[in-house]
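Hi,

Here is the structure I said I'd pass along.

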Amino acid sequence: MPTETFEFQVEARQLLQMMIHSIYSNKDVFLRELISNASDALDKLRLEALRDESLDADVSDLHIAIETDGEARTLTVRDNGIGMSHDEVVQLIGTIANSGTAKFLQELKQAKDAATAEGLIGQFGVGFYAAFMVADEVTLVTRRAGQSEGTRWSSTGEGTYTVEPVEDAPQGTAVTLRLKPVDQEDQLFDYTSRWKIKEIVKRYSDFITWPVRMAPEAPADGERAEDAEDGKAAAEPETLNSMKALWARSRDEVSDEEYHELYKHISHDWSDPLETLRMQAEGTFEYQALLFLPSRAPQDLFAREHRRGVQLYVKRVFIMDHCEALLPEYLRFVKGVVDAQDLSLNVSREILQQDRQIQLMHRRLVKKVLSTIKEMMAQRPENYATFWREFGRVVKEGLLSDHENRDAILRIASFPTTHDQEKPATLQQYVERMKEGQEHIYFMTGESRTAIENSPHMEAFRDKGYEVLLLTDPVDEVWVETVPEFDGKELRSIAKGEADLAKEESEEDKAERAKRQEDFAGLLSWMTERLGDEVKEVRLSSRLTVSPACVVSDTDDVTPALRNMYRAMGQ
Ligand code: ADP
Ligand code: MG
């Protein structure tokens, strides 16, 4: 096959332009990204070899090697992992799978200043393309384990890339960067410098479970002879990372930065996590876990293709990404690692779903996440506010699916309310503010805060000074139907018949209302008759103060918004 030239997909091209004219100031992270990819490739190969015994692959010395050439100004990151086929190279390196890319680029274009742009890139992460921050040409040579032919991919990042077959490529992938000239002002370092490489690996990739090696310092000319006599010892490559599993080390041995780097490797996110959770269970069933709450929701959190779940290790050996069995759907944003001591290395997803130990871990992990959110609420309110803004919609799904923890979820939830335009309220705060004589927690669901506030249903409540929760997330329509009460107080929709304030009015008001009811009896029965099948009943209402009439549903009827939602789902 001859050399083929391809054009980058539009989004990929835009992203590359950003990298080439890099607005991202911390360029060192390109190496972290390449090592992260190499590590993933080694994990994948080890797993595939475990599952498929006929796979013709060498798994005897899996590692990552970094090679530099000061004269040619090149840097190579090599792994002997899974590699890529020709089609995979075109697909994975030429296009960007992330469904949020277009939106991200739009936001980036509108970014007012460099700091905002940098923040956006940090939240998005760019993986392999980060190489173009420091290189003016990138070449990748790869051969998929089990296949005989290799592929060379090369690009300067300017619109096109070439792909051609390679005869004698070793198994795995080698990414070679032709480095841009060093530029102090641009903070562009000499990435062929040994100490610089060592420093970056130590800082960002120390926990990587595969050895990251570098050939020994090339001896100066005169020393060559002595070295040869020294024999093998002098030629031994140096391993730059400690490979220590962070989750197995005690808390005071590990810095926050180290935890954050592990998070970035696992999540492919460039920003720090909001919270780091550590768990160590000893005894008959031993496991360790490091969980992270991200600081921002990924674009695809509600997309069907979103892959959830933490990484599962067994006795320090990586078993799988996206282990769904360990955490419920409504905590799908949680990232992290769980390392179990007593599971078989051959566990499959099917077995995991049934495994009693896994179910036990699942329960404990959920409790830990929920209690951490509660603790944030009390001790780090700003973090909690960020968390709830980003993930509250997802957590509320648990009110439907997780009966065991329903109360715990209600206690960590907060909702927009009529009490404060800006600040959401917890149910606890709502209850503490309830007016004299108010028995219930009132809420209304709807599409937006404004829509609800302009609803005629609000009038009487505003008049009485009763606080109303303004529930605008689609999931709110559903959970309010199944959660009857909080702290002994019923949750009531103000758009439904039973929320009628009549019960809470004074004796005087009651007498007045009875009289009015009599006065208008004729009109009401006439109206009920005239409207016929359109309504069940026409009632005199105490809930309106300005509007002449409004439509309410019976307590057991579905709300209009829920009806719309069912319709949208085709039911
Ligand atoms: P991400 O790692 O977030 O998926 P990247 O841009 O870093 O995104 O990499 C894109 C894809 O290219 C990876 O998902 C992987 O499939 C493939 N890839 C990158 N580097 C390697 C490598 N060293 N070996 C095998 N596949 C790789
Ligand atoms: Mg990557």
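**Two loop arginines**

Let me start with Arg 73, which sits in the loop that links strand 2 (64–69) to strand 3 (74–79). Arg 73 is not a glycine, yet its phi is positive, at about 55°. It counts as partly exposed because it has 18 C-beta neighbours inside 10 Å. The cut-offs, with C-beta atoms placed from the backbone, are 20 or more other C-beta atoms within 10 Å for buried, 12 or fewer for exposed, and partly exposed in between.

Arg 316 also has a positive phi without being a glycine, this one about 75°. Look for it in the loop between strand 12 (310–314) and strand 13 (317–323). Arg 316 has 14 C-beta neighbours inside 10 Å, so it counts as partly exposed.

**Before you go further**

This is a predicted model, so local features need pLDDT of at least 70 and side-chain atom pairs count only at pLDDT 80 or more, while totals for chains, interfaces and linings use all residues. Residues are numbered from 1 along each chain as its sequence is written, and chains are lettered from A and ligands numbered from 1 in the order in which they are written.

**The chain overall**

The protein chain has 20 helices and 20 strands. It runs to 571 residues, of which 33% count as buried. Take the contacts (C-beta atoms, placed from the backbone, within 7 Å): among those between residues at least 6 apart in sequence, 72% join residues at least 24 apart.

**Around the ligand**

Ligand 1 has 15 residues around it, and Asn 37, Ala 41, Gly 127, Phe 128 and Thr 173 come nearest. A residue is near a molecule here if its C-beta atom, placed from the backbone, lies within 6 Å of it. Helix 2 (29–51) and helix 3 (86–94) are the elements giving two or more residues to that shell, and helix 2 has the largest share, with four residues. Sorted by class, the shell is made up of seven nonpolar, six polar and two charged residues. In this scheme Ala, Val, Leu, Ile, Met, Phe, Trp, Tyr, Cys and Pro are nonpolar, Asp, Glu, Lys and Arg are charged, and the others, Gly among them, are polar.

**Helix 2 again**

Helix 2 also packs against helix 6 (residues 194–205), at an angle of about 65° and with the axes 9 Å apart. Axes are lines fitted to C-alpha atoms, for helices over the stretch in contact, and angles run from 0 to 180 degrees between N-to-C directions. On the helix 2 side, the contact uses Val 29, Leu 31, Arg 32 and Ile 35, and on the helix 6 side Ile 200, Tyr 204 and Ser 205. Those residues split into five nonpolar, one polar and one charged.

**The core**

The largest nonpolar core has 126 residues, and Met 19, Ala 131, Val 310, Leu 326, Val 338 and Val 468 touch the most other members. Such a core is a set of buried Ala, Val, Leu, Ile, Met, Phe, Trp, Tyr and Cys residues joined through C-beta atoms within 7 Å.

Leaving out residues up to four places away in sequence, Leu 326 touches Gly 309, Val 310, Leu 312, Val 338, Ile 358, Met 361, His 362 and Leu 365. Met 361 belongs to helix 11 (residues 356–379) and is buried, since 23 other C-beta atoms lie within 10 Å.

**A few single residues**

- Phe 104, in helix 4 (residues 101–110), is buried because 21 other C-beta atoms lie within 10 Å. Beyond four places in sequence, Phe 104 touches Leu 120 and Phe 124.
- Ala 114 is in helix 5 (residues 114–124) and counts as exposed, given 11 C-beta neighbours inside 10 Å. Ala 114 and Tyr 24 are 90 residues apart in sequence but 8.4 Å apart in space, C-alpha to C-alpha.
- Leu 277 lies in strand 10 (residues 275–281). Beyond four places in sequence, Leu 277 touches Leu 291, Lys 368, Val 369 and Thr 372.

Cheers

Definitions and conventions: Contact = placed C-beta atoms within 7 Å.
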